[in-house]
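Colleague: I would like to go through this model with you. Please tell me what lies behind each label.

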Amino acid sequence: MQSDTLEHTIDEVRGKIHPRSVSGVFARWRVVFVFLTQLVFYGMPWLQWNGRQAVLFDLGARKFYLFGLVLWPQDVVYLAVLLVISALSLFLFTAVAGRLFCGYACPQTVYTEIFMWIERRVEGDRLARIRLDAAPWSLRKLRLKLAKHALWIVVAWWTGYTFIGYFAPIRDLGAALLALQLGPWQWFWMLFYGFATWGNAGFMREAVCKYMCPYARFQSVMVDPDTFVVTYDKGRGEPRGGRSRKADHRAAGLGDCVDCSLCVQVCPTGIDIRDGLQYLCIGCGACVDACDQVMGKMQYPAGLIRYTSQRAVQEGWSARQARARLLRPRVLIYAAIILALSAAFVASLALRSPLRVDVIRDRGVLAREVPGGMVENVYRLQLINTSDAPMRLHLAAGGLPGLAVHAERQTGPDILLEPYANRLVPVVIRAPAGAAAPGPHPIQVQARAQTPDGRLVERSEPSSFYMPD
Ligand code: SF4
Ligand code: SF4
């Protein structure tokens, strides 16, 4: 009941849109994208890889598992490059075909589609929903509203649960949830994300695209007259007006638009595409499907509303001529940059050393003389094995005659590093007293290992050795 009051309050503010359902080519593509995107989102956390979750942002351990790849905080540059590639891809798609992402893959669109599908199943199509909303409260109305919200809440909750499953192993979360033993942050994020899904897809819907989405505002700088957008062919459609199917509308001075308003009724953002390109259009193609059906019934050619460029409509170009302009310099430059960045990204990942070494000189411990006529300095080595196989490391040092490395709590300079391990290992480096003049001397600390596939991995890090007076 409370949610229904909320629904009415929001509807009063924004004017509720009851989009009519539509079938056609683009409606089918939207369904395909709903399935694909949700298959990836809901399915990914359940995939396993070498006995662990395949995709996991382990914030506690500060590791990001992505199938065979493990990214560490030191790899933040890879995430930055990924973000740049994603942003450029968005620019590319927008330059080619406007807001394709909004219409087919944006989570707001996808969840709104799912929630509207549930709404249609429970409350009926557009007219039935309008009548139900206008009707006084009755047992039937209460039953339908409760059923709809119960189904919405199940989807929203599962979405919230899946979301936290990207940050903590989802199989363990299930057991913890059943035992009501989730941590406070896990409860918070699951409920918050579920609530946001329920609110955005159930109530806010197109208002998010209209008033909150920044992409809608700056898309105008990313499209140009050759971009494919959903366009009403004014030259062909106007003057609009009703007519009988058999009438010769041209002789009557009418264009092809029969002014049936179906294109407006199916529009999820409630706009009339016949008013021209608007920033509220998310490019979903629902009006294209609706109008093509009307054109079919009237036995007019399809495509009064179609994906084409503004220039093509103005110049009266054919679809082929319009498509030829897709490969224009701007698009080719975006594509070339994305290709170059992606190639560099993949090559860099493939050549990435599975061993990382950082040498930290322990400034709290001064150089000291030890029995045997040796001088020792103390260091801490941060050793990271980014691979999924153990590594036996051999440590050595160079730069002064007679340098020897001893890892603490080890019998010699060899260290076993477990898969995906990040260890801080105290080591001492010794040199014969008198091997060098008093004062600091540059040295190199070397770590060498052989991976199970036979690859020799070697890292050399600079540091300094202090020789006392
Ligand atoms: S659906 Fe087509 S024919 Fe009907 S009003 Fe819209 S543009 Fe005109
Ligand atoms: S105008 Fe057409 S393409 Fe744009 S949002 Fe409305 S239905 Fe979708």
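Modeller: Start with the ligands. Around ligand 1, α13 (262-265) and α14 each supply at least two residues of the shell. Helices here are DSSP runs of H or I with at least four residues, strands are runs of E with at least two, and both are numbered from the N terminus. This is a predicted model: local features need pLDDT of at least 70, side-chain atom pairs count only at pLDDT 80 or more, and totals for chains, interfaces and linings use all residues. Residues are numbered from 1 along each chain as its sequence is written, while chains are lettered from A and ligands numbered from 1 in the order in which they are written.

Colleague: Which residues come nearest to ligand 1?

Modeller: Cys257, Cys260, Leu262, Cys263 and Cys291, out of 15 residues around ligand 1. A residue counts as near if its C-beta atom, placed from the backbone, lies within 6 Å of the molecule. The largest share of this shell, three residues, comes from α14.

Colleague: What classes make up the shell around ligand 1?

Modeller: Ten nonpolar, two polar and three charged residues. Ala, Val, Leu, Ile, Met, Phe, Trp, Tyr, Cys and Pro count as nonpolar; Asp, Glu, Lys and Arg as charged; the others, Gly among them, as polar. The shell around ligand 2 has eleven nonpolar, three polar and no charged residues. Ligand 2 is surrounded by 14 residues, the closest being Cys267, Ile273, Cys281, Cys284 and Cys287.

Colleague: Why is Pro239 called exposed?

Modeller: Count the neighbours. Pro239 has 11 other C-beta atoms within 10 Å, so Pro239 is exposed. Pro239 lies in the loop between α12 (234-237) and α13. Its C-alpha is 8.0 Å from that of Asp256, 17 residues away in sequence.

Colleague: What makes Arg126 partly exposed?

Modeller: Arg126 has 16 other C-beta atoms within 10 Å, so Arg126 falls in between and is partly exposed. Arg126 lies in helix α6 (residues 126-134).

Colleague: Which residues does Arg126 touch?

Modeller: His18, Pro19, Arg20 and Gln265, not counting residues up to four places away in sequence. Contact means that the two C-beta atoms, placed from the backbone, lie within 7 Å.

Colleague: What makes a set of residues a nonpolar core?

Modeller: The members are buried Ala, Val, Leu, Ile, Met, Phe, Trp, Tyr and Cys residues, joined through C-beta atoms within 7 Å. The largest such core has 34 residues, and Cys263, Ala286, Cys287 and Ile305 have the most contacts inside it. α14 gives the most to this core, with five residues. A second, separate core of 22 residues includes Leu383, Val405, Ile443 and Val445.

Colleague: What does Cys263 contact?

Modeller: Ile273, Cys287, Ala290, Cys291 and Ile305, leaving aside neighbours within four places in sequence.

Colleague: How do you know that β3 and β4 pair?

Modeller: Count the bridges. Pairing requires that DSSP finds at least two bridges between two strands. β3 and strand β4 (residues 63-66) have four bridges, in the antiparallel sense. Phe57 stands opposite Phe64 in β4. The open sheet has three strands in the order β3-β4-β5, with antiparallel pairing.

Colleague: Why are β3 and β5 called edge strands?

Modeller: β3 (55-58) and β5 (69-71) each pair on one side only.

Definitions and conventions
A residue is buried if 20 or more other C-beta atoms lie within 10 Å of its own, exposed if 12 or fewer, and partly exposed in between; C-beta atoms are placed from the backbone.
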